[in-house]
Amino acid sequence: MTYKDALQYLYASTPAFHLVGAAAYKPGLQNTLAFMDHLGHPYRCFRSVHVAGTNGKGSTSHLIAAVLQAAGLKVGLYTSPHLVDFRERIRINGTPIPEQKVVSFVTEHRNFMDLIHPSFFEATMAMAFDYFAREQVDIAVIEVGLGGRLDSTNIITPILSVITNIGYDHTEFLGDTLAKIAAEKAGIIKPNVPCVIGETNSETTPVFVDAAIKNGIWGGGLETTDCRIWFADQCGYLRKCRLRDIPDCQLKGIYQDKNQQTAYVALQVLRNYCHIPIPHNSIVIGYEQVCTITGLRGRWETLCPMPLTICDTGHNSHGLKYVFEQLASLRRELSDNSTKDVNLHIVFGMVSDKDVDVVLRLMPSDATYYFTQAHTHRAIPATDLAGKFAALHDVVAKNIGVFYSVVEAVHAAQKNATDKDIIFIGGSNYVVGEALTLF
């Protein structure tokens with residue numbers, strides 16, 4: 001079996017959410033528990049940090065992993081989805097799992113997978129845990145796939161749980177209110193395991209407090225934070241950390257301020273409560289070099305300096321709100337320093353289970369658009385996106401183009417943009433992933 005054969009087997013025989021959407025979602029832990037029994041419970045062989053949330057959980061996971069690696073630990077990192085290569089999902093010290101390890105896992109356990117029919121995510125997570133155990137990592141940072149309570153990753157008992165924020169996403173699975181979604185995310189909170197909450201509001205705070213009380217950590221292990229300051233006076237073992245204490249970071253999206261704060265608090269808990277040796281200099285290095293250390297891509301990433309081309313994986317209104325605010329700010333800044341108008345060219349596509357109308361309303365009406373669709377069954381047809389956008393903004397058709405491939409859309413934007421303009425590529429992980437192959 002070749003690496004290509006192994007991937008084809010995983011995609012063909014185990015439903016993949018990033019390809020087929022809801023049909024791949026398997027709530028419950030029965031399959032995962034059966035797979036772990038089969039593998040000998042590899043997740044018990046290493047310490048772990050569990051990270052959930054609507055947005056920012058990938059960035060927060062990478063920040064924590066980068067700092068732990070800078071501190072000299074052997075660090076496993078499990079995240080999803082991948083942008084270009086499947087192996088991005090499973091890393092040790094920033095290096096993706098070798099192709100041969102993927103082949104060996106599928107070859108060895110194919111008969112068992114044919115028997116229980118795991119989802120793509122369940123099979124991939126099992127591969128990650130098995131790999132981390134065999135390679136004897138010191139600690140693994142595990143990103144939740146979807147939700148928390150019923151997510152496959154929730155079989156672990158971590159030394160720290162982290163929930164970044166709560167927003168409207170995957171409401172068909174997690175609920176149609178912030179409180180319901182928070183309850184699903186709060187499902188990763190475990191008895192006597194400290195938990196960091198990145199952002200709260202009036203709807204979600206009672207949910208987290210209730211979960212903390214039920215798990216015996218209220219007043220001793222629940223840390224809460226917002227974008228500027230985290231407040232946990234009742235915990236005693238940590239003092240307040242303000243944003244000014246956080247080192248400069250390689251992640252430059254304005255929304256990353258909150259992720260940086262959340263990760264920073266999590267690292268303080270790991271150091272002061274979980275007794276993980278983390279020198280302050282390791283935090284500085286991890287933050288300054290997070291993308292270099294971990295291989296993280298697609299988070300307000302500059303792909304080309306001229307014309308300035310930026311991509312971002314924000315894919316729902318909660319995340320894209322900050323992306324469009326930063327684009328507007330960048331455009332004003334460049335216009336103030338230029339004798340020519342700075343035009344904005346947006347290559348954009350979305351998938352069908354997102355809050356499309358809300359997102360389209362957030363988008364600037366004075367940009368030139370290249371609506372497109374990634375190579376996934378979940379992609380919204382580019383013509384539908386263009387029509388919805390035109391109707392919502394009442395804009396002229398000459399500013400809107402429809403392209404049936406991401407590559408075609410990017411090339412059109414590059415052809416039309418001047419060296420002083422801005423090109424933005426985003427709307428979904430899949431659009432960004434396909435665009436990255438061009439740079």
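**Close-up views of a predicted model**

Among contacts in the protein chain between residues at least 6 apart in sequence, 73% link residues that lie at least 24 apart. The model is predicted.

**View 1. The whole chain.** The protein chain holds 17 helices and 15 strands. Of its 439 residues, 59% are buried. The chain exposes about 17,500 Å². Carbon and sulfur atoms supply 50% of that area.

**View 2. Helix α10 packs against helix α11.** Helix α10 spans residues 256-272, and helix α11 spans residues 280-288. Their axes lie 12 Å apart, at an angle of about 150 degrees. Angles over 145 degrees count as roughly antiparallel. α10 and α11 are therefore roughly antiparallel to each other. Their crossing is right-handed. From α10, the contact uses Gln 260, Ala 263, Tyr 264, Leu 267, Gln 268 and Arg 271. From α11, His 280, Ile 283 and Tyr 287 meet them. By class, this contact of α10 with α11 has five nonpolar, three polar and one charged residues. An α-helix has 3.6 residues a turn, so residues three or four places apart point the same way.

**View 3. The buried residues of helix α11.** Ser 282, Ile 283, Val 284, Gly 286 and Tyr 287 are the buried residues of α11. Their cover includes α4 (57-70), α10 and α12 (290-294). Ile 283 and Tyr 287 are buried, and both also take part in the contact with α10.

**View 4. Helix α3 crosses helix α6.** Helix α3 covers residues 30-39, and helix α6 covers residues 120-134. The two axes come within 10 Å and cross at roughly 35 degrees. The crossing of α3 and α6 is right-handed. On the α3 side, Asn 31, Thr 32, Phe 35, Met 36 and Leu 39 make the contact. On the α6 side are Glu 122, Ala 123, Met 125, Ala 126, Phe 129 and Asp 130. The residues of this contact of α3 with α6 divide into seven nonpolar, two polar and two charged.

**View 5. Lys 354 in a loop.** Lys 354 sits in the loop between β12 (344-348) and α14 (356-362). Buried means under 20% relative accessible area. Lys 354 has 12% relative accessibility, so Lys 354 counts as buried. Ile 380 is 26 residues from Lys 354 in sequence. In space, the two are 9.8 Å apart, C-alpha to C-alpha.

Methods. Residues are numbered from 1 along each chain as its sequence is written. This is a predicted model: local features need pLDDT of at least 70, side-chain atom pairs count only at pLDDT 80 or more; totals for chains, interfaces and linings use all residues. Side-chain values use heavy atoms; hydrogens and water are left out. Axes are lines fitted to C-alpha atoms, for helices over the stretch in contact, and angles run from 0 to 180 degrees between N-to-C directions. Helices (H or I, at least four residues) and strands (E, at least two) are DSSP runs, numbered from the N terminus. Angles under 35 degrees count as roughly parallel, over 145 as roughly antiparallel, 65 to 115 as roughly perpendicular and the rest as oblique. A crossing is left-handed if the near helix is turned anticlockwise from the far one by less than a right angle, and right-handed if clockwise. Contact means heavy atoms within 4.5 Å. Ala, Val, Leu, Ile, Met, Phe, Trp, Tyr, Cys and Pro count as nonpolar, Asp, Glu, Lys and Arg as charged, and the others, Gly among them, as polar. Buried means under 20% relative accessible area, exposed over 50%, partly exposed in between (1.4 Å probe, protein chains only). Accessible areas come from the Shrake-Rupley method with a 1.4 Å probe; for residues, only the protein chains shown count as cover.
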